[in-house]
Every structure is written in structure tokens, then in C-alpha cells.
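Here is the note you asked for, as numbered points. Please read each one against the model.

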Amino acid sequence: MLTYDQLVEELHYDQITGIFTRKKSCKGRKENAIVGSKRKDGYLTTSFRRKFFYIHRLAWFYIYKEWPNGLIDHINGIKSDNRIDNLRDVDFLTNATNHSKKPNSITGYVGIYKDETTKRLKNKYTTQFNNKTFRFEKLEDCVEFRKQNNLKL
């Protein structure tokens with residue numbers, strides 16, 4: 001397991017920018033080189049002492065000198081923003097509620113989908129409210145329904 005002393009001996013963390021840099025050059029990596037590479041899911045990772053780490057977990061360990069108890073949540077939702085004031089140690093449920101919903105690629109709205117169950121013109125768009133499905137012929141009517149019921153668009 002990685003110790004705090006090993007981490008601070010080899011890496012420097014700038015808590016304002018959220019960037020780790022190397023303190024020494026080793027194995028073809030230059031001194032002061034930025035550490036980490038972006039994964040397809042948006043998180044930054046690095047290999048350190050033959051083990052892979054998420055940069056946000058290393059940042060937490062670097063500042064608080066202990067590993068997080070739960071998940072590290074990026075408060076602003078940007079997975080590569082590892083400034084310490086953007087990170088918090090949370091449980092799974094809290095982390096899940098901080099994820100923003102993405103708009104549907106066809107309708108352009110969150111929670112509104114094109115109804116493919118019928119080929120007729122009516123009941124073209126659907127949304128859910130209180131575990132019920134509502135169908136609308138016009139997208140505008142569906143959007144208005146969500147607004148009236150204070151649902152996220």
C-alpha cells in the first residue's frame with residue numbers, strides 16, 4: 001500500500017489547480033512533469049509504484065493524510081477537476097445524486113422521450129411523473145407539462 005511519505009517524496013500536489021507534478025525525474029519522466037492521463041470516462045489516473053490510482057483519491061490522501069472513507073465526489077461534476085475544494089468524501093447515494101441528467105439526444109430535453117410504441121401520430125412524446133407515464137402529441141405540450149410540475153428539463 002502507498003504511504004503518505006512515499007507520495008509526498010515523489011509528487012507535488014497544487015491544491016489550487018488540482019494538478020500533480022513529479023518532484024524528481026525517473027524512468028524517462030521529467031522533473032516537474034504533470035502526472036496523470038484522462039480515461040474515456042473523464043477521470044484522471046496515474047501509475048505510481050506499479051499500481052494505478054485515480055488522481056482525485058491521491059489528492060484527498062495528499063491533503064488529509066488518510067484515504068477517503070467513501071467515494072470522492074467532484075462537486076461541480078467535472079471529473080478531471082481535482083482541486084481539493086471541488087472534492088468531498090461521500091457515500092454512494094450522495095455521489096449518485098450529484099450526477100446531472102443528460103438531455104435526450106432526440107428531443108433535446110431531460111426526461112422527454114420519443115414514444116416508439118406506436119406508429120400513429122398521437123402519443124408521440126412521453127414523460128413520467130409520480131410513477132405514471134404521460135403521452136403527448138406535441139413536444140411543446142410535453143415540455144409545458146414538465147414545467148408545470150417543476151420537473152427538470
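1. Strand S4 (residues 44-48) and strand S5 (residues 51-54) run antiparallel and are joined by four bridges. Strands here are DSSP runs of type E with at least two residues, helices are runs of H or I with at least four, and both are numbered from the N terminus; two strands pair if DSSP finds at least two bridges between them. Thr-46 stands opposite Phe-53 in S5. The hairpin of S4 and S5 has two residues between the strands, and Arg-49 takes a positive phi near 55° there.

2. This is a predicted model, in which local features need pLDDT of at least 70 and side-chain atom pairs count only at pLDDT 80 or more, while totals for chains, interfaces and linings use all residues. Residues are numbered from 1 along each chain as its sequence is written, and side-chain values use heavy atoms, with hydrogens and water left out.

3. S4 also runs antiparallel to strand S3 (residues 37-38), with two bridges joining them. Leu-44 in S4 is the bridge partner of Lys-38. Five residues lie between S3 and S4 in this hairpin, and Gly-42 in the turn has a positive phi of about 100°. Four of the five residues of S4 are buried (buried is under 20% relative accessible area, exposed over 50%, partly exposed in between, with a 1.4 Å probe and protein chains only).

4. How many salt bridges does the structure hold? There are five, where a salt bridge is a side-chain nitrogen of Lys or Arg within 4 Å of a carboxyl oxygen of Asp or Glu. One of them links Asp-41 to Arg-39, with the closest N and O atoms 2.6 Å apart. Asp-41 is partly exposed at 28%, and Arg-39 is partly exposed at 36%.

5. Asp-73 and Arg-88 form a salt bridge at 2.8 Å, N to O. Asp-73 lies in strand S6 (residues 71-74) and Arg-88 in strand S7 (residues 87-90), so the pair ties together parts that are 15 residues apart in sequence. Asp-73 is buried at 3% relative accessibility, whereas Arg-88 is partly exposed at 31%.

6. Arg-83 forms a salt bridge with Asp-85, the closest N and O atoms being 3.2 Å apart. Salt bridges that share partners join Asp-81, Arg-83 and Asp-85 into one network. Arg-83 is partly exposed at 26%, and Asp-85 is exposed at 55%.
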